[in-house]
Amino acid sequence: DPGFRYNVFSKKYNDYVFASMMDPSDQTEVQFEALRDDQLELRFFQTNSLADLVDDQALNTAFHFSGPTLPTRNSTLLDWAYGDRREMFAVSQATSRFLHKYCVNRLGTIYSAKLDDVACMDSDVPFPQGFPNYHTVQEMNLQLLTSYGIEGDITVSHLTNDGSEVFISLLAEGDVDTGEASPPAVHFCSPAGNSDYTLTTGEDFSKYILEAGAACSSSRRSSDGSPDVPSSQAAITTKNKRDSAAAKGAAARRARERAGLVPPLRVSELTQQHPESSASSLGRRLLAYTWTLPLGPPGNLFNLALLDIGVDDKGWWRCFSGSLDPAQNAACYSPDAQYLYNSFDSTDAYGYPGPVFAAVDVSYMCIDNFLLSPNLAAATQKFIEEGAAPPTLGDAQAGLELRYSINDATGTHPTCNGTFQAPDGVRWFEYNFKTRLRMYNSNIQKLRVWLCDDAGQPRLDSFIDVTAALQNKSLQPLTPGPSVTLTVPLSQVINVATVSAMQQRLCKVVFGDVDERCSCRVWAVTSKTSAKFTFLTTSNSWSSFFSFLLTKDVQSASFETQFPAFDQSKTMVYTNVYAPWPVAKLTQTDKHGCTSHYDCDAGLFCSARAFTPFSKGFLGSGGPGPFGFGCDPCRYCLSDATDTVDVYCPRDKCGLTSGLFPDCVDAGKIFAPDFKCKDKYTLNMSRIPAVTRTSAPYTVVSLWNANGTARKARFVTPYNQLVGAVTISQRRRLGMCSIRNDSIGIYTSVKLPTLGMICRGNERDVSPYGNDPAFSPASSLFRGDISPLQFYRANEMDSSGPYAFFPFFYDGQTGTNKSSQYVIKGEEDTFKVYFTERLSQVQATRLVQFLQEGGFLDSGTDEVSVDILTLNSNLNIFGIFTFSFKWQDGGRVIWDYNILAVPAYLYDDSTKSGRIALEYICIALLIIDFLLEFHRK
């Protein structure tokens with residue numbers, strides 16, 4: 001408990017309004033009274049320091065601080081200082097830890113906490129979005145950091161002319177009349193200085209925290225497990241990783257190929273497997289084979305067959321080692337990252353059930369135009385043998401048009417009439433002397449393809465039952481699948497060659513090479529201001545993978561160098577992922593974990609907690625659990641490196657700056673340049689209306705009445721009330737007694753006098769002694785809001801602190817001895833304490849504590865007397881009671897008392913006439929005696 005307290009200081013009385021520091025958690029509203037012409041100041045304190053209780057490592061872990069930037073507690077501040085930066089960090093961390101323990105660990109799950117204590121679902125400060133929405137370490141600590149200290153207001157009530165009641169703030173700036181539900185004038189301290197005492201979440205929060213980024217210290221790198229690799233070795237390290245990944249990749253590819261999960265082998269792979277084959281000889285063999293290829297069977301003259309089938313492999317990028325090791329996440333997308341398939345931790349329930357895309361090739365070898373026309377035949381031969389550009393259907397000599405339709409009813413006939421409108425879900429790619437028809441993002445069951453010749457007649461009508469063909473491969477029907485769109489902003493129009501070069505570069509980024517996948521799984525649409533590239537992927541996890549790689553590359557310096565038209569000044573989300581499956585997206589409470597961000601509902605991302613298996617057969621949390629869930633709100637995606645399932649927060653789902661929480665934070669930059677946590681607020685007494693309500697606390701009256709310190713009748717015995725003060729006087733003795741030089745004296749002299757006086761001398765001791773307990777942290781009277789230098793001079797203190805008791809002749813105001821006229825004769829060597837009649841019970845009790853803890857009575861005490869002056873109003877008699885205590889050398893304390901009575905009214909009874917006559921006679925005789933003496937002289 002940081003022990004936040006407050007009090008109101010009165011400059012008129014140089015004292016606090018409340019006898020003790022007020023705890024804001026005890027009473028939400030406290031009433032007090034004050035003088036209108038007083039100068040009041042509201043003061044805040046933190047009475048318990050947590051800076052030494054929360055160690056540096058805990059703070060560095062909680063906030064990602066770089067160790068050297070963590071501030072220490074300001075040694076120049078008082079013990080009860082309010083708003084120290086180190087204290088703010090410590091309070092935030094300690095509160096976060098206890099909140100999490102209370103609301104989560106105590107019950108086992110965060111969602112059952114709300115059934116037990118509504119405080120865990122607090123919708124106000126400091127968790128306006130509910131405590132369960134802040135269960136990540138970084139955000140919870142930062143949110144608490146913005147809610148340090150005390151908030152509130154000091155108001156008076158006033159009745160307006162129309163009889164309505166308004167509350168007037170004595171602290172607020174601007175308008176003075178506020179509604180009863182108006183926000184408080186004094187807010188919690190926030191390092192960002194926000195008036196709503198919260199750090200904003202989402203993009204604004206990320207922008208704010210990015211400015212606090214710092215270089216990580218070597219110690220933090222070691223603790224995070226991320227080695228610092230010199231830049232000169234980076235290329236070598238990457239190459240070694242790629243080489244080591246080659247064998248793994250080949251084995252994985254063979255396994256996936258058996259399941260039909262990879263595209264056809266690239267030409268470069270064929271030549272590697274058959275070194276004796278050159279590209280030209282391979283082409284001649286291909287020509288010899290395909291030139292004699294017969295047409296397909298009736299109804300499928302193009303011999304259509306499914307190929308390049310994209311199937312969700314139910315895999316994901318495993319970036320952690322062990323159950324959860326965020327430090328390994330930095331290597332998630334390196335070539336040797338571990339990619340898992342169908343392990344017992346994965347879930348088949350939310351993968352795409354059927355292929356997400358498939359294709360058929362329409363080979364031009366089946367079209368006789370390319371054989372009969374000499375020019376087309378020569379161009380075809382040159383393409384095959386020399387790698388020249390192949391002829392296309394649009395060549396003038398061919399005059400052909402390829403058309404296709406989907407899900408045609410049986411018995412219909414193809415047509416070449418009108419303008420061809422390509423159906424949704426099919427895209428054509430013409431390359432390498434063929435047209436590849438790509439079926440994607442659809443539920444296509446049948447595909448029909450035909451050729452329109454130069455006479456406008458349909459030819460080579462071909463039909464394929466896609467669903468049946470997939471069933472023959474033990475696959476389910478075609479399913480709408482995912483894709484990634486990359487938008488490259490342009491400052492100028494680019495030509496086709498530049499678009500092609502850009503596409504090839506991006507293909508190398510995601511595929512590792514420019515192969516057939518780049519020709520039929522990727523396409524570009526350009527405009528004056530942008531070039532949009534669409535990449536088909538087989539799973540949501542691969543979509544996340546592509547999104548990461550493409551975004552990183554387009555933001556690289558080499559991309560800008562290669563393509564000067566790239567407009568890097570645009571602030572935008574470069575990639576967007578379309579992921580239609582699962583139809584019902586996962587939420588925080590789903591029992592199945594996610595494998596990518598796009599398994600999750602809008603506003604959610606797949607977090608690193610998805611790597612924590614709770615039940616066999618499911619990846620992710622397995623439902624509500626103490627570690628959160630696979631899908632978490634985007635506000636949790638603070639760090640790409642530690643928070644996500646795949647090392648990259650989805651910018652298209654969670655915003656431009658999500659995931660950019662720096663690996664290390666400069667603790668000093670957390671605070672605004674002009675940050676100061678105010679601990680004193682002046683009350684504007686002029687705002688108090690001239691006419692106020694007559695009932696407390698609105699009537700402005702004496703401060704002393706408000707403090708409960710008005711004069712009261714204090715009775716010592718029945719009918720004998722105290723007058724003035726109870727005065728305690730002490731005399732002390734100094735020095736040592738005479739010790740003989742014998743064995744007994746030697747035995748006595750070796751004792752430590754600091755542990756107790758062995759014997760006393762006869763001299764009077766008038767030196768100050770004791771220690772003021774208000775400055776001793778071990779005392780119940782300790783006041784951390786004040787400094788000894790505010791009240792004591794250097795000569796009034798020793799190494800232990802200020803003296804508590806000074807002799808009667810000493811003037812504490814001037815630091816010198818009093819004038820003799822102010823010192824009672826015979827009392828010069830006493831030490832006096834006064835219990836005045838104005839003391840309240842609380843104040844009197846504290847004064848007794850002061851005497852006990854300050855050491856008023858000790859081994860130097862010789863005599864103590866207690867003087868009490870009373871008045872009996874019934875008898876009109878003043879009584880002086882004196883109790884004396886004497887410490888004997890034998891160790892005994894003897895005591896005695898004396899009572900002296902004096903009438904209050906000497907001439908106020910039936911004998912007053914006789915008493916006055918006698919007094920006149922005495923005066924006359926005294927005058928006569930004086931005259932006789934004068935006459936004798």
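This is a predicted model: local features need pLDDT of at least 70, side-chain atom pairs count only at pLDDT 80 or more; totals for chains, interfaces and linings use all residues.
Which strand do the buried residues of H21 pack against? Keep that in mind for a moment.

Start with helix H21 itself. H21 covers residues 841-854, which is 14 residues. From first C-alpha to last, the helix reaches 19 Å.

Now the buried side. Leu847, Phe850, Leu851 and Gly854 are the buried residues of H21. Look down the helix axis: these residues fall within an arc of 95°, so they line one face. An α-helix has 3.6 residues a turn, so residues three or four places apart point the same way.

Back to the opening question. The buried residues of H21 pack against strand E31, residues 831-836. The face away from the buried side carries two exposed residues, Gln841 and Gln852. After H21 comes Gly855. Its phi is positive, near 85°.

Next stop, Thr870. Thr870 sits in strand E32, residues 861-872. Is Thr870 buried or exposed? Buried, with a relative accessible area of 1%. Set aside neighbours within four places in sequence, and Thr870 still has contacts. Among them are Val716, Asn720, Gln721 and Val723. Ile877, Phe878, Gly879 and Phe881 are in contact with Thr870 too.

Last item, the surface. Ile916, Tyr920, Ile923, Ile927, Phe930 and Leu931 form a nonpolar patch there. Together they have about 640 Å² of accessible area. Leu931, one of the patch residues, lies in helix H22, residues 912-936.

Methods. Residues are numbered from 1 along each chain as its sequence is written. Side-chain values use heavy atoms; hydrogens and water are left out. Helices (H or I, at least four residues) and strands (E, at least two) are DSSP runs, numbered from the N terminus. Buried means under 20% relative accessible area, exposed over 50%, partly exposed in between (1.4 Å probe, protein chains only). Contact means heavy atoms within 4.5 Å. Patches are made of residues with over 30% relative accessible area and no salt bridge: like charges are joined within 9 Å, nonpolar side chains (Val, Leu, Ile, Met, Phe, Trp, Tyr) within 5 Å. Accessible areas come from the Shrake-Rupley method with a 1.4 Å probe; for residues, only the protein chains shown count as cover. A salt bridge is a side-chain nitrogen of Lys or Arg within 4 Å of a carboxyl oxygen of Asp or Glu. The expected span of a helix is 1.5 Å times one less than its number of residues. The arc is that of the directions from the helix axis to the C-beta atoms.
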